[in-house]
Amino acid sequence: VQLQASGGGLVQPGGSLRLSCAASGSISSVNAGAWYRQAPGNQRELVARITSDGRTDYADSVKGRFTISRDNPKNTVYLQMDSLKPEDTAVYYCNANVRRFGFFRASDYWGQGTLVTVSS
């Protein structure tokens, strides 16, 4: 199983970006999905997560500005980021709990990071 994150880049304050995280491989189901971020000198923090049935949870710092969603047939989780601030600058990582065909238990997988820079 591989998670491919994309969509990062440079954006001005107040702008928007949409991150995507596509899971590929021998996948039976993608359970919870999440986005984390890590700024230089800081610990990795949870930004948003979404359950298999679509319930969402957000860090206080992004509530009202970020929206996590998923496309189950595509095994993809998205993070729509609006009203971006310089303090949102970080490497963003996706995480998903995936059950593989032939396996009873699901496991957590991580995508490679994608850099988001918010600067004028």
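Reader: Hi! What is the relative accessible area of asparagine 75?
Author: Asparagine 75 has 25%, so it counts as partly exposed (buried is under 20%, exposed over 50%, partly exposed in between, with a 1.4 Å probe and protein chains only). This is a predicted model, where local features need pLDDT of at least 70, side-chain atom pairs count only at pLDDT 80 or more, and totals for chains, interfaces and linings use all residues. Residues are numbered from 1 along each chain as its sequence is written, and side-chain values use heavy atoms, without hydrogens and water.

Reader: Where is asparagine 75 found?
Author: In the loop between strand 7 and strand 8; strands are DSSP runs of E, at least two residues, numbered from the N terminus. Most residues other than glycine have a negative phi.

Reader: And what is the phi of serine 83?
Author: Also near 50°. Serine 83 lies in the loop between strand 8 and strand 9.

Reader: New topic: in what order do the four strands of the open sheet come?
Author: The order is 1-3-8-7, with antiparallel pairing (strands pair if DSSP finds at least two bridges between them). Strand 1 and strand 7 are the edges.

Reader: How many bridges join strand 3 to strand 8?
Author: Six. Alanine 22, for one, has threonine 76 in strand 8 as its bridge partner.

Reader: What is leucine 79 in contact with?
Author: Leaving aside neighbours within four places in sequence, its contacts (heavy atoms within 4.5 Å) include Trp35, Val47, Phe66 and Tyr92.
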